[in-house]
Amino acid sequence: MLRKAVLVAVSVGLMASTGSAQSSGKTVLKPGAKVFINTMPDGFETFLKSALSKKKVPLTIVDSRENADLEMTGASETQKAGAAKKIFMGSWQSDEQATISIADLKSGEIVFAYSVNKRNSVHGKQSTAEACAVHIKDELEKTK
Amino acid sequence: MLRKALVGIVMVLSAAALSSAQTPSNVVRDESDTHIPSAARLYIAPIEGGYDIYLAAAMHKKEVPLTLVTDKSKADFELSGVTESEKAGWAKTIFLASTATNEQASIKIVNLKTGTIVFGYNVNKSNSARGKQSSSEACAKHLKEKIEAR
């Protein structure tokens with residue numbers, strides 16, 4: 001009787017330790033999560049919202065940080081073509097760079113981050129925003 | 001008896017003075033002071049131009065074995081840095097047919113418990129292929145090497 005009790009206690013202890021080890025793993029980006037997109041320089045958040053919608057990224061965009069599970073922050077920079085580039089290189093297209101990070105609001109951990117740099121961007125900020133959206137979608141598909 | 005006591009006191013005082021004078025130069029730092037353990041929690045302080053986000057992205061891409069957090073109070077280490085971009089001027093565009101920027105950045109990581117600077121790195125890239133992304137990835141790569149070196 002005593003031996004059985006000891007065995008049960010040991011097995012329960014082992015299970016509890018395994019569970020705690022698993023729960024300490026990194027937070028991951030999950031499909032269906034509610035994401036709040038914070039304001040970014042040059043209104044890049046608007047481009048991101050459109051890109052997420054266009055690329056059918058399985059995340060729900062919310063307007064309020066309080067209702068969100070995740071928060072997206074980012075920065076973007078555009079370098080318009082100067083006269084020299086237009087005349088000598090025959091290119092009117094801008095150079096774009098952008099970066100985003102997604103943080104889990106509960107744990108405070110950054111679960112995803114991505115940066116993109118496009119020279120002679122065909123569609124300006126739209127191209128960089130869509131690159132971000134595609135990579136978020138890829139990450140979500142990995143965790144399915 | 002009194003003389004012996006005086007001599008004893010003087011010897012003790014001089015030994016104490018000597019040891020205190022030697023302390024700063026003789027301190028041998030424990031290697032664990034500059035160690036960044038794998039899976040440690042790192043907070044990246046805001047850097048001009050959103051470079052902190054480029055660094056987060058670079059660490060994600062290079063799979064640096066650290067957990068990035070947005071709250072300093074939950075972190076073991078803090079990364080801070082500066083960055084500077086120099087855009088290509090008209091002469092570079094015409095004569096070198098290059099619109100690539102010159103990038104430089106510098107980062108340091110501080111252990112928030114001990115206050116020790118555990119890592120520092122500078123990068124300078126002329127004609128950076130991917131602007132800030134290139135310099136941030138260089139920082140991430142070298143940080144990963146530092147963590148995995150042990």
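1. In this predicted model, B:Gln133 counts as buried because 22 other C-beta atoms lie within 10 Å, where the cut-off for a buried residue is 20 or more. B:Gln133 is found in helix α4 of chain B and, leaving aside residues up to four places away in sequence, touches A:Gln97, A:Ser115, A:Asn117 and B:Tyr54. Its separation from B:Glu84 is 49 residues in sequence and 13 Å in space, taken C-alpha to C-alpha.

2. Helix α4 of chain B covers residues 132–148, and its length is consistent with its residue count, because 17 residues at 1.5 Å a residue should span 24 Å and the end C-alpha atoms are 24 Å apart. The buried residues of α4(B) are B:Lys132, B:Gln133, B:Ser134, B:Ser135, B:Ser136, B:Glu137, B:Ala138, B:Cys139, B:Ala140 and B:Leu143. These buried residues pack against elements of both chains, namely β4 (94–104) and β5 (110–121) of chain A, and α2 (51–61), β3 (77–86), β4 (101–111) and β5 (117–128) of chain B.

3. Two packed helices are described by the angle between their axes and the distance between the axes. Here the axes of α2(B) and α4(B) come within 8 Å and cross at roughly 55 degrees, which means that α2(B) is oblique to α4(B), and the crossing is right-handed. On the α2(B) side the residues that meet α4(B) are B:Tyr51, B:Tyr54, B:Leu55, B:Ala58, B:Met59 and B:Lys61, while α4(B) contributes B:Lys132, B:Gln133, B:Ser136, B:Glu137, B:Cys139 and B:Ala140. By class, the residues of this contact of α2(B) with α4(B) are seven nonpolar, two polar and three charged.

4. As to the interface between the chains, 25 residues of chain B are in contact with 26 residues of chain A. On the side of chain B that touches chain A, the elements giving two or more residues are α2, β2 (67–69), α3 (90–95) and α4 of chain B, and the largest share, six residues, comes from α2(B). That side of chain B has 10 nonpolar, 10 polar and five charged residues.

5. Chain A, the partner in this interface, has four helices and five strands, which follow the pattern α-β-α-β-β-α-β-β-α when read along the sequence. Of its 144 residues, 33% count as buried. Among the contacts in chain A with a separation of 6 or more, 71% are accounted for by residues 24 or more positions apart.

Note on methods. Residues numbered from 1 in each chain as written. Chains lettered and ligands numbered in written order. Predicted model: local features only at pLDDT ≥ 70, side-chain atom pairs only at ≥ 80, totals over all residues. Expected span 1.5 Å × (residues − 1). Buried ≥ 20, exposed ≤ 12 C-beta atoms within 10 Å, placed from the backbone. Contact = placed C-beta atoms within 7 Å. Nonpolar A, V, L, I, M, F, W, Y, C, P; charged D, E, K, R; others polar. Axes fitted to C-alpha atoms, helices over the stretch in contact; angles between N-to-C directions. Parallel < 35°, antiparallel > 145°, perpendicular 65-115°, else oblique. Left-handed = near helix turned anticlockwise from the far one by under 90°.
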